Amino acid sequence: MTEVKKLGDAKNANFPVDDRNAVYHLGVAKGELSSRILTVGDSERALKLKKELLEDVEEEKAHRGFVIHTGKYKGVRVSIVSIGMGTPMMDFLVREGRYVVDGPMAIIRYGTCGSIKDVEVGSLAVAESSILVRRNPDFWHCENNKDHSKCSPYDISKPVQADKELVGLLKNEFESSFKDRKTVVGINASADSFYSSQGRIDPEFDDNNEQLIDTIIEKYDNKVNTLEMETFQLYHLATRSKQPIKAAAATIILANRITQAFLDNNTKVKLEIEGGRACLEALIKINLN
Ligand code: R1P
């Protein structure tokens, strides 16, 4: 992995950049990131996608856990960016990416997730919208924390929408690429942790999350398909960006939280590549004019 040139002294505490205007965390300057971005959590997934699917690859950029592979897919310049895990990493990508790209952008996330529906592992999901599930630490200071209507251990947000056109493209690409697998389309929930805020039971901690999955299911009439950790922040920032950002997300259903099934590694790798290809097809088809 190539480290980017060491960043120079940062100017501007409000939005730090160095003397070549490279942003503080992604470590890239204008021109070093495409306006069409495929983002994944795992750096190994990004590397596989670059090797299998990109041509005319430019110098790899890596800084503070972000790895950027830019190259051409079917002649169109795209960047595949691995960000690690969680909403803060997505926040860095969208804000700093926005700063170094001029004009409209498209961002697709391709991740893995758990499902809380009756869907087989190895199915695919496209998120039309996403909610956010946050642990509320004040709950543990509430006087009457038995009554969850007054003081809840987890806050569940309202949904934010993906870009409809990009969701349509992703849905078509996934349905045609995976004829023998199911693609579910619906609501995603991004959680602020892998464990407690996704309802995983950990006997070592006081998490008060035994009811959480049922609460999520009931609040949205059994329409939440998937649980992961980044999509909400992508959709939220894309819809609040002053310049256009078209955003959508797809995931491999790796785990079923109801049946406890977990997908085998070989199938996962196959789905990473084929799903990555489907995402890139959608990414180059979306109109950014
Ligand atoms: C947790 O294992 C991680 O996997 C999922 C979650 O959102 C979280 O980032 O996505 P990725 O496979 O893209 O990392």
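## Lys48 and its contacts

Once neighbours within four places in sequence are left aside, Lys48 is in contact with Val269, Glu272 and Ile273. This is a predicted model, and Lys48 sits in its helix H1. With a relative accessible area of 25%, Lys48 is partly exposed. The C-alpha atom of Lys48 is separated by 9.5 Å from that of Gly276, although the two residues are 228 residues apart along the chain.

## Helix H1 against helix H6

Lys48 belongs to a contact between two helices. The axes of H1 (residues 43–53) and H6 (residues 265–285) come within 10 Å and cross at roughly 65°, and the crossing of H1 past H6 is right-handed. On the H1 side, Arg45, Lys48, Leu49, Glu52 and Leu53 make the contact. On the H6 side, the residues are Val269, Glu272, Ile273, Gly276, Arg277 and Leu280. By type, the residues of this contact divide into five nonpolar, one polar and five charged.

Which residues of H1 are buried? They are Arg45, Ala46, Leu49, Lys50 and Leu53. Seen down the axis of H1, these residues fall within an arc of 135°, so they line one face of the helix. An α-helix has 3.6 residues a turn, so residues three or four places apart point the same way.

The buried residues of H1 pack against strand E1, strand E3 (66–73), strand E4 (76–82), strand E5 and helix H6. On the face turned away from the buried side, H1 carries the exposed residues Lys51 and Glu52. Glu52 is also one of the H1 residues in the contact with H6.

## Helix H3

Helix H3 covers residues 164–177, which makes 14 residues. From its first C-alpha to its last, H3 reaches 20 Å, close to the 20 Å expected at 1.5 Å a residue. The buried residues in H3 are Leu166, Val167, Leu169, Leu170, Glu173 and Phe174. Because they cover an arc of only 160° around the axis, they are on the same side of H3.

What do the buried residues of H3 pack against? Their partners are strands E5 (105–115), E6 (124–135), E9 (183–191) and E11 (245–256), together with helix H6. Strand E5 and helix H6 are also among the elements that the buried residues of H1 pack against.

## Helix H3 against helix H6

H3 and H6 pack at an angle of about 145°, with their axes 9 Å apart. H3 passes H6 in a right-handed crossing. From H3, the contact involves Leu166, Leu169, Leu170, Glu173, Phe174 and Ser177. From H6, it involves Gly275, Ala278, Cys279, Glu281, Ala282 and Lys285. The residues of this contact divide into seven nonpolar, two polar and three charged.

## Helix H2 against helix H5

Another helix pair is formed by H2 and H5 (residues 231–240), whose axes come within 8 Å and cross at roughly 35°. Their crossing is right-handed. H2 contributes Thr87, Met90, Asp91, Val94 and Arg95 to the contact, while H5 contributes Gln233, Leu234 and Leu237. These residues divide into four nonpolar, two polar and two charged.

Pro104 lies in the loop between helix H2 (87–100) and strand E5. Is Pro104 buried or partly exposed? Its relative accessibility is 30%, so Pro104 counts as partly exposed.

Neighbours within four places in sequence aside, Pro104 is in contact with Ser35, Pro244 and Leu288. Pro104 and Asp207 are 103 residues apart along the chain, and their C-alpha atoms are separated by 42 Å.

Most residues other than glycine have a negative phi. Asn12 has a positive phi of about 75° although it is not a glycine. Phi is also positive in Asn21, at a value near 70°.

Asn12 is found in the segment before strand E1 (36–40), and Asn21 likewise lies in the segment before E1. Asn12 has a relative accessibility of 47% and so counts as partly exposed. Asn21, at 30% relative accessibility, also counts as partly exposed.

Definitions and conventions
Residues numbered from 1 in each chain as written. Predicted model: local features only at pLDDT ≥ 70, side-chain atom pairs only at ≥ 80, totals over all residues. Heavy atoms only, no water. Axes fitted to C-alpha atoms, helices over the stretch in contact; angles between N-to-C directions. Helix = DSSP H or I, 4+ residues; strand = E, 2+ residues; numbered from the N terminus. Left-handed = near helix turned anticlockwise from the far one by under 90°. Contact = heavy atoms within 4.5 Å. Nonpolar A, V, L, I, M, F, W, Y, C, P; charged D, E, K, R; others polar. Expected span 1.5 Å × (residues − 1). Buried < 20%, exposed > 50% of the residue type's maximum accessible area, 1.4 Å probe, protein only. Arc of directions from axis to C-beta.
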